[in-house]
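Thanks for passing this one along.

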Amino acid sequence: MKNVYYTVICIACTLGMIACSVSMKQNSKTDEAQALLKTLKTISQQNHFLFGHHDDPVYGIGWDGDENRSDVKSVCGDYPAMMSFDLGRIELGGDKNLDNVPIERLRREIIAQYERGGMVSLSWHTDNPVTGKDAWDVSDSTVVASVLPGGTQHDKFMGWLGKVADFMNSLTTSDGRKVPVLFRPWHEHTGSWFWWGQALCSATEYKALWRMTYEFMQQKGVKHLLYAYSPGTEPNNTAEYLERYPGDDIIDLMGFDTYQFDRREYLNNMEKALTILTEVGQSHDKPTAVTETGYEAVPDSTWWTETLMPVISKYPISYVLVWRNAREHSNHYYAPYPGQASANDFMKFHADPRTLFVRDMKTKK
Ligand code: BMA
């Protein structure tokens, strides 16, 4: 009898703990963030995907800082459904990010994109806290270790995370709701070109960096973020893809970044990575996305409909995002602008019912 009583108590406690952890998990996200996740999941399972562009409304080819302008919109009359921006250098407390975009403008555009029905993703090419150089400075392989608790840069780095948290908390609509965004720090970590890359830290250190980032945001009341895990296309199987995965309790969306240099190689990489991604997305119940891609200067006039679309449309992704149209480098652009070689083909891509732009978000969600 005693044993039965004890067993009943244990079962009740376990159920209580499960219920509590489920509700804690739910409470760790605002209603808006949960709605964003639901939409990404639904889209992932359907036969369409959002089109995204980095820094879309803040500059483009031949212009910088204009209002209500976008190279994508100038070509097809519609804003991308997903816009991404970068928080690099926000940690230093200046008024511009690493690509010279005023932080105030980023804030305004993130809110505007949400209010027009679109979505936002934020990467963070944060400077190297040890050397003071940029994110690409891989001269020191102790940087991740140094920012973790007990490390020489820990306190300074917590201050940097604080600047990110303050920015996130400042993303509010006119009626006081926090704008949900997909945060994508520590990306392309399976390569070794950022200070948090494969050869620069152990898997344990990389995962600890993620957990520290996530927990810090929670402590600062930042509950309106979804978190994206985006390696490059180095992983050759699901085990390699998951080698540095921080955990299902942190990550909300799985993706990868890859670019075209050689067409055949690009298509092979895309097929390989999309196959792995589809499998891990299903087994972990996460929406998936091609978090960064593109063909610099899009010199192939039918790239959108004959290279990109045929490969991505075979897989259940929620979005595909191309990188920025830099105004300060010639030929560093990934979306068309009026008169660009692939502009007509991009209009066909826009007209395809499988692609979602901002106008579709109200009708197809
Ligand atoms: C890279 C390049 C850089 C830029 C960085 C962050 O891929 O576009 O010029 O500074 O992304 O946006």
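1. Which space is taken by the ligand? The answer is the largest pocket. Please keep in mind as you read that this is a predicted model.

2. Let's begin with the shell around the ligand. Leu98, Asp99, His125 and Trp136 belong to it, together with Trp323, Arg324 and His332. By class, the shell has 3 nonpolar residues, 2 polar ones and 2 charged ones. Both Asp99 and Arg324 belong to this shell, and each comes up again in the next point.

3. Asp99 places a polar side-chain atom 2.6 Å from an oxygen atom of the ligand. For Arg324, a polar side-chain atom lies 2.8 Å from a ligand oxygen atom. Trp323 also takes part, with an N or O atom of its side chain 3.1 Å from an oxygen atom of the ligand. As for cover, the ligand has 310 Å² of accessible area on its own, and the protein covers 77% of that.

4. The pocket itself deserves a paragraph. How many residues line the largest pocket? The lining has 31 residues, and those nearest the centre of the pocket are Glu188, Tyr259, Glu292, Trp323 and Tyr334. The volume of the largest pocket is about 590 Å³.

5. What is the make-up of that lining? The residues of the largest pocket's lining divide into 12 charged, 10 polar and 9 nonpolar. Which helix gives the most to this lining? That is helix H9, residues 263-284, with 3 residues.

6. Rolling a probe the size of a water molecule over the atoms shows where empty space is left. Searching the whole structure turns up 1 cavity of 30 Å³ or more, and the largest cavity has a volume of about 50 Å³. Its lining consists of Gly232, Thr233, Pro235, Tyr241, Phe256, Ala273 and Ile276. How do these residues divide into nonpolar, polar and charged? In the lining of the largest cavity, 5 are nonpolar, 2 are polar and none is charged. The lining of the largest pocket, by comparison, includes 12 charged residues.

Methods: Residues are numbered from 1 along each chain as its sequence is written. This is a predicted model: local features need pLDDT of at least 70, side-chain atom pairs count only at pLDDT 80 or more; totals for chains, interfaces and linings use all residues. Side-chain values use heavy atoms; hydrogens and water are left out. A residue is near a molecule or strand if one of its heavy atoms lies within 4 Å of it. A polar contact is a pair of N or O atoms within 3.5 Å; within protein, one must be able to donate a hydrogen and the other to accept it, and residues adjacent in sequence count only if both atoms are side-chain atoms. Accessible areas come from the Shrake-Rupley method with a 1.4 Å probe; for residues, only the protein chains shown count as cover. On a 1 Å grid over the protein atoms alone, a cavity is a set of points where a 1.4 Å probe fits but cannot get out, and a pocket is an open set with protein on both sides within 12 Å along at least five of seven lines; lining residues have an atom within 4 Å of a point. A molecule sits in a cavity or pocket if more than half of its atoms lie within 2 Å of its grid points. Ala, Val, Leu, Ile, Met, Phe, Trp, Tyr, Cys and Pro count as nonpolar, Asp, Glu, Lys and Arg as charged, and the others, Gly among them, as polar. Grid points are joined across faces, edges and corners, and a volume is the space filled by probe spheres set on the points. Helices (H or I, at least four residues) and strands (E, at least two) are DSSP runs, numbered from the N terminus.
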